[in-house]
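Here's a quick tour of a structure, written for someone just getting started. Have a look at it first, then work through the points below.

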Amino acid sequence: MNSGGYDKAIKYFEKLESRYPFGTYAQQAQMDIAYAHYRQGEQPEALAAIDRFIKLHPNHPNVDYMYYLRGLVNFNDKVSIFDFLSSEDATERDPKAARDAFDAFKQVVVRFPNSTYAPDSMDRMKYLVNALAQYDVHVASYYYRRGAYVASANRAQSAISEYRDAPAVEEALHIMVQSYDALGLTQLRDDSERVLKKTYPNSIYVGGTGTDSKKVVAKEHWWKFW
């Protein structure tokens, strides 16, 4: 495994576990099988191995690592919302992997606050919150560009309500201003713009609605925030 021969490593670990199922090395083999599948990019196999270990050994001294590994497997899911560098429309992506990763990292932080993996899990949770918020904002922008202003305003409002402290809230407010302006809901537009100006006085979105600000919604990719 250390030399990168994960396929062979998995086979040997499986043999070890089957021949000596009640030894301490069998438990280590189960963890290494999960890790090897993860390094191979075999997400379903890795998650199955992780869940099996957690079910068999819920009180194992290293079960915190398995929750952490579950988070990593989902965090690096190649079909998740994190693959924004491709040309595929991000609204076609499913954020389920990001939410699953967040839940796994949360288990580490909440259940094992003194774990070696807790600090990194917390950092990744913060990143995931920001990414999920920006995903909602991207969807709201997608709806706006296609003239679905009610859906756009609702999705932006959802992002603000669910991810209050995320950087994407600034853009979400701007999309709400645009959407309400397009719908002719001037009171809601003015209320949203007032919140935007008060919360983000130096925002690039402050100053103008409607046609002039449509250019701003299609700004650079979300990942450049970080």
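**How two helices cross**

When α2 passes α3, the crossing is left-handed. Keep in mind that this is a predicted model. From there, we'll look at how those helices line up, then at some aromatic rings, and finish with another helix.

**α2 and α3**

- Two packed helices are described by the angle between their axes and the distance between the axes.
- Here, the axes of α2 and α3 (residues 43-56) come within 7 Å and cross at roughly 155 degrees.
- Angles over 145 degrees count as roughly antiparallel, so α2 and α3 are roughly antiparallel to each other.

**Aromatic pairs**

- How many aromatic pairs does the structure hold? There are nine.
- One of them joins Tyr35 and Tyr38: this pair is tilted, with 6.2 Å centre to centre and 55 degrees between the planes.
- Tyr35 and Tyr38 are about one helical turn from each other, because they sit three residues apart in helix α2 (residues 24-40).
- As background, an α-helix has 3.6 residues a turn, so residues three or four places apart point the same way.
- Tyr35 counts as partly exposed because its relative accessibility is 24%, and Tyr38 counts as partly exposed too, at 21%.
- Another pair, Tyr68 with Tyr117, is stacked: 4.8 Å centre to centre, with 25 degrees between the planes.
- This pair links distant parts of the chain, 49 residues apart: Tyr68 belongs to helix α4 (residues 63-75), while Tyr117 is in the loop between α5 (96-111) and α6 (118-145).
- Is Tyr68 buried or exposed? Tyr68 is buried, with a relative accessible area of 10%, whereas Tyr117 is partly exposed at 27%.

**A ring cluster and a charge**

- Ring pairs tie Tyr65, Tyr68, Phe75, Phe105, Tyr117 and Tyr127 together into a cluster.
- Which residue lies over the face of Phe75? That's Arg124, at 4.9 Å from the ring centre.

**Helix α8**

- Helix α8 covers residues 169-183, which is 15 residues.
- From its first C-alpha to its last, α8 reaches 21 Å, close to the 21 Å expected at 1.5 Å a residue.
- α8 is mostly covered, with 12 of its 15 residues buried.
- The buried residues of α8 include Val169, Leu173, Ile175, Met176 and Tyr180; among them are also Glu170, Glu171 and His174.
- After α8 comes Gly184, which has a positive phi, near 80 degrees.

Key: Residues numbered from 1 in each chain as written. Predicted model: local features only at pLDDT ≥ 70, side-chain atom pairs only at ≥ 80, totals over all residues. Heavy atoms only, no water. Helix = DSSP H or I, 4+ residues; strand = E, 2+ residues; numbered from the N terminus. Expected span 1.5 Å × (residues − 1). Buried < 20%, exposed > 50% of the residue type's maximum accessible area, 1.4 Å probe, protein only. Phe/Tyr/Trp six-rings, centres within 6.5 Å; stacked < 30°, edge-to-face > 60°. Lys NZ or Arg CZ within 6 Å of the ring centre and 35° of its normal. Axes fitted to C-alpha atoms, helices over the stretch in contact; angles between N-to-C directions. Parallel < 35°, antiparallel > 145°, perpendicular 65-115°, else oblique. Left-handed = near helix turned anticlockwise from the far one by under 90°.
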